[in-house]
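Colleague: I have a few minutes before class. Please put the model up and walk me through it.

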Amino acid sequence: VLFVATSTVAVLVPALTNLPLLPVAVLAWGPWWTALFLLSGWVLGASTSFTLGRHAQPLIVRYLPSVRRHADIDRLIHPQHRMGSLILLRMTFPVDVLSYALGLFSRHTTVAEIALSTALSGAPFALLFSLVPSLPATAQLSILVASALVFACYMVWVLRRSSMVDDRSGG
C-alpha cells in the first residue's frame, strides 16, 4: 500500500519520485509484482491529477483567461484514434504534467481514457524499471551506457535541428 501510495504521489507532485524504492520493492516482491504495484500507482496518480485539473479549470480560466487560448491540447489528439494518440502522448510527455493539462484543457478526454492510456503506455516502463534492479551489475551498466548514448544522439539531433532552424530564420 505504501509503495502504491508513493507512486501515486510521485505523479501528483512532479518534484517527487519513488524510484529509489524500486530495488527494495524488487527484493521484497520480485520484479513482476513491483511492476504491477508501480503501474497501479501511476494509473491512480494520473487519474487523480486529471480529476484535479478538471475541477481546477474554472478557477484557473477565471484568473488567467489567456491560458485557454494557449492550451489547445485537443489538437494533439486525433479524433478517430483517441486512445492511440493518448498512448503516444503519454509515452512522450511527462505523465504528471500531461494528466493535469488534459484535465484542464481537454474537452473530450475522460478519466477512463486517462486510466487506460496510462496503463497501456506505462506498462513497458514499469516492467523496465522493475526488471533492471534484478539484473546483474554488468547488464545494468550496459543499459545505463546504452541509454546515455541514445540520449546523447537525441540531444545532438535536437541541437543540430534547432541550429538549422535558427540559420533559416536568420537568428
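**The chain and its helices**

Modeller: Of the 171 residues in the chain, 32% are buried, where buried means under 20% relative accessible area, exposed over 50% and partly exposed in between (1.4 Å probe, protein chains only). This is a predicted model, in which local features need pLDDT of at least 70 and side-chain atom pairs count only at pLDDT 80 or more, while totals for chains, interfaces and linings use all residues. Residues are numbered from 1 along each chain as its sequence is written, and side-chain values use heavy atoms, with hydrogens and water left out.

Colleague: How many helices and strands are there in the chain?

Modeller: The chain has eight helices and zero strands. Helices (H or I, at least four residues) and strands (E, at least two) are DSSP runs, numbered from the N terminus.

Colleague: What box do the C-alpha atoms fill?

Modeller: Roughly 50 × 45 × 30 Å, taken along the principal axes. The chain exposes about 10,700 Å², and carbon and sulfur atoms supply 73% of that area. Those areas come from the Shrake-Rupley method with a 1.4 Å probe; for residues, only the protein chains shown count as cover.

Colleague: And the contacts, what share of those with a separation of 6 or more is between residues 24 or more positions apart?

Modeller: That share is 77%. Contact means heavy atoms within 4.5 Å.

Colleague: Now the packing. At what angle do H2 and H3 pack?

Modeller: Helix H2 (residues 22-29) and helix H3 (residues 31-63) pack at about 125°, and their axes are 7 Å apart. The axes are lines fitted to C-alpha atoms, for helices over the stretch in contact, and angles run from 0 to 180 degrees between N-to-C directions.

Colleague: What does that make H2 relative to H3?

Modeller: Oblique. Angles under 35 degrees count as roughly parallel, over 145 as roughly antiparallel, 65 to 115 as roughly perpendicular, and the rest as oblique.

Colleague: Which residues meet there?

Modeller: From H2, Leu22, Ala25, Val26 and Trp29; from H3, Pro31, Trp33, Thr34, Phe37 and Leu38. By class, this contact of H2 with H3 has eight nonpolar, one polar and no charged residues. Ala, Val, Leu, Ile, Met, Phe, Trp, Tyr, Cys and Pro count as nonpolar, Asp, Glu, Lys and Arg as charged, and the others, Gly among them, as polar.

Colleague: Next pair. How far apart are the axes of H5 and H7?

Modeller: For helix H5 (residues 82-92) and helix H7 (residues 111-131) the axes are 9 Å apart, with a packing angle of about 50°. H5 is therefore oblique to H7.

Colleague: Is their crossing left-handed or right-handed?

Modeller: H5 and H7 cross in a right-handed way. A crossing is right-handed if the near helix is turned clockwise from the far one by less than a right angle, and left-handed if anticlockwise.

Colleague: Which residues of H5 meet H7?

Modeller: Arg82, Met83, Leu86, Ile87, Arg90 and Met91. On the H7 side, the residues include Glu113, Thr118 and Phe125. The contact of H5 with H7 divides into eight nonpolar, three polar and three charged residues.

Colleague: And how do H3 and H7 cross?

Modeller: At roughly 145°, with axes that come within 8 Å. That crossing is right-handed. The contact of H3 with H7 has 19 nonpolar, six polar and no charged residues.

Colleague: Back to threonine 118 in H7. Buried or exposed?

Modeller: Threonine 118 is buried, at 2% relative accessibility. Leaving aside neighbours within four places in sequence, threonine 118 is in contact with Leu39, Trp42, Val43, Ala46, Arg90 and Ala123.

Colleague: Why is H6 described as largely enclosed?

Modeller: Because eight of the eleven residues of helix H6 (residues 95-105) are buried. Among them are Asp96, Ser99 and Phe105.
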